[in-house]
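Open the model in your viewer and keep the selection tool ready. This tour goes stop by stop.

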Amino acid sequence: MKGALWSILLFIGLVAGWELFCRTTGVTELIVPAPSVVLHTLWQGLSTGFLWPHIGVTTVEVLAGLGAGCIIGFAAGIVLAEAPGLQRVLYPYILASQVIPKLALGPLFVIWFGPGLLPTIVITALICFFPLLENTFTGLRHVDPNKQELFRMLGASRMQTLLRLKIPNSAPLILAGVRVAVVLAFIGAVVGEFIAANQGLGAMIIGAQGMMDTSLMFAVFVVITVQGTLFYQLAVSAERWLLRHHSTGTTQ
Amino acid sequence: MAFLEIKHASFAFDASHPVVDGINWSIEQGEFHCLLGRSGCGKTTLLKLVAGLLEPGAGSICLQGETVQRPGRAVGFVFQSPTLLEWRSVIDNVVLPLSLHHRIGPKDVDKAQHLLELVGLGALGARFPRELSGGQQSRVAIARALISEPSALLMDEPFSSLDAITREELQDDLLTLCGHSRTTVLFVTHDIAEAAYLADRIAVMHQGKLIHQETVAMPRPRLPEIRFSNEFSSLCRDLHDAMRTMR
């Protein structure tokens, strides 16, 4: 609790310093808008309903990209962990798909999928895919050999061993992957919108740049930060609840 | 035909060093046998051969007249560590062997509850493994091994990580449980006193071979006092000497 208090005090101090800096140096709003100006712009954006559709678009992209990326990454992790032969064949390609900067694919995706939400969703999914794949794969490969022997002893089928031992046993690692993916999803969606969208918070930043509306840009930063933190906290809470009985859990 | 027969069983991870080297042994139904030996003598490997977790390179293992080829439900195995699933409650851990083969009904839960009471954990069914002490976790592991009513129980140093007093309590409880159900037990240990207290017969292993065997004449039920009797001490001495001579 004490840490949280200091954190809030630090925030107030930083904002106050920033405000003071803007007022005393008389720096132009085009370069650094004061917090009060940003807050005003933000409030206007929210109260007139101007910002909401863009927040909605980005949220949809984050959720769809995160969902698709996590599911595909999780499934691919399982397949690669369970079929070592396949792993040797496919891994170089998966690695190549991750090493290539996915944002560079944005223009291509616009050609393929049109200018709607889809290109950004695909970029986001591609970014979220990898941490889930890596963590699922590593988790399933590092299950306590004694527990695996126990399941053999009990005559468990391969499917039972996977569903009732390997996946629950790897849950801490898999959920840590989800947590990383949540953060990456916001980066993916916003930066994806820079290239491939005319709606959403990322597109708004580009729009604001065109109009030299720096305070709007800052207002969008605030929205993205709040939204990202909220999503991250949700992921952490879900993780804590799911892992409440694991020995590595943080509860109790 | 003995209940369990090990005939010339050999096993090697690499050809030049047999881990189990031509072992012959037989166990009658309801008997409690201990495999005693120092670390690395091949006793755990032999136990895994009996369980069907490993396949012998030569020789065979017969359980109730049938050659063991893979793990079967007639055999319960208790590992060195309790190997409980920490995301499942104690009672769920106990019914795990049944749940892999059919849907769990109220009867199974009653049976698990009964077993938990037998091992002295009747009130802890809803707890989770990491809320239990090491001794309690070992008890859950024993209850789990017994739920499918195995005719043979194989135990791989299950008490080796427990303190001396807890270990003795568990030994007494194990003897009571197995005495009730007439379960045949093969128990691997490196602890001389443990073997002497538990077993009807003891096989001493060294470098994959049987070097000594001992029939324990002390009557059953064994009571904790016998640990301090002359008979017990001289038995331990014999075992100790047998293990010492081979170095």
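A helix crossing counts as left-handed if the near helix is turned anticlockwise from the far one by less than a right angle, and as right-handed if clockwise. Helices (H or I, at least four residues) and strands (E, at least two) are DSSP runs, numbered from the N terminus. Residues are numbered from 1 along each chain as its sequence is written, while chains are lettered from A and ligands numbered from 1 in the order in which they are written. This is a predicted model: local features need pLDDT of at least 70, side-chain atom pairs count only at pLDDT 80 or more, and totals for chains, interfaces and linings use all residues.

**Stop 1: confidence.** Colour by pLDDT, the predictor's confidence in each residue, from 0 to 100. Chain B has a mean of 91, and 99% of its residues reach 70 or more. The model scores are ipTM 0.89 and pTM 0.85.

**Stop 2: a helix pair.** Select helix H2 (residues 90-99) and helix H4 (residues 134-146) of chain B. They pack at an angle of about 35°, with axes 7 Å apart. Axes here are lines fitted to C-alpha atoms, for helices over the stretch in contact, and angles run from 0 to 180 degrees between N-to-C directions. The crossing of H2(B) and H4(B) is right-handed. Show B:Val90, B:Asn93, B:Val94, B:Leu96 and B:Pro97 on H2(B), then B:Val140, B:Ala143 and B:Arg144 on H4(B): these make the contact. Contact means C-beta atoms, placed from the backbone, within 7 Å. By class, this contact has 6 nonpolar, 1 polar and 1 charged residues. Ala, Val, Leu, Ile, Met, Phe, Trp, Tyr, Cys and Pro count as nonpolar, Asp, Glu, Lys and Arg as charged, and the others, Gly among them, as polar.

**Stop 3: the sheet.** In chain B, 6 strands form an open sheet, in the order E6-E7-E8-E3-E9-E10, with mixed pairing. Strands pair if DSSP finds at least two bridges between them. The edges are E6 (75-78) and E10 (209-215) of chain B, each pairing on one side only. Neighbouring strands are turned by 15° against each other on average, direction ignored.

**Stop 4: strand E3.** Select residues 32-37 of chain B; 6 of the 6 are buried. Buried means 20 or more other C-beta atoms within 10 Å of the residue's own, exposed 12 or fewer, and partly exposed in between, with C-beta atoms placed from the backbone. B:Phe32, B:Cys34 and B:Leu36 point one way, and B:His33, B:Leu35 and B:Gly37 the other. E3(B) runs parallel to E8(B) (residues 184-189), joined by 5 bridges. It also pairs in the parallel sense with E9(B) (residues 201-206), over 5 bridges. Which residues are the bridge partners of B:His33? In E9(B) the partner is B:Arg201, and in E8(B) B:Leu186. B:Phe32 stands opposite B:Val185 in E8(B).

**Stop 5: helix H1.** Select residues 43-51 of chain B. Next comes B:Gly52, with a positive phi near 85°.

**Stop 6: across the chains.** The contact takes 14 residues from chain B and 14 from chain A. Chain B's side has 9 nonpolar, 2 polar and 3 charged residues.

**Last stop: chain A.** Find A:Ala68 in helix H3 (residues 52-82) of chain A. A:Ala68 is partly exposed, with 17 other C-beta atoms within 10 Å. Its C-alpha atom is separated by 8.4 Å from that of A:Cys128, 60 residues apart along the chain.

Key
Contact = placed C-beta atoms within 7 Å.
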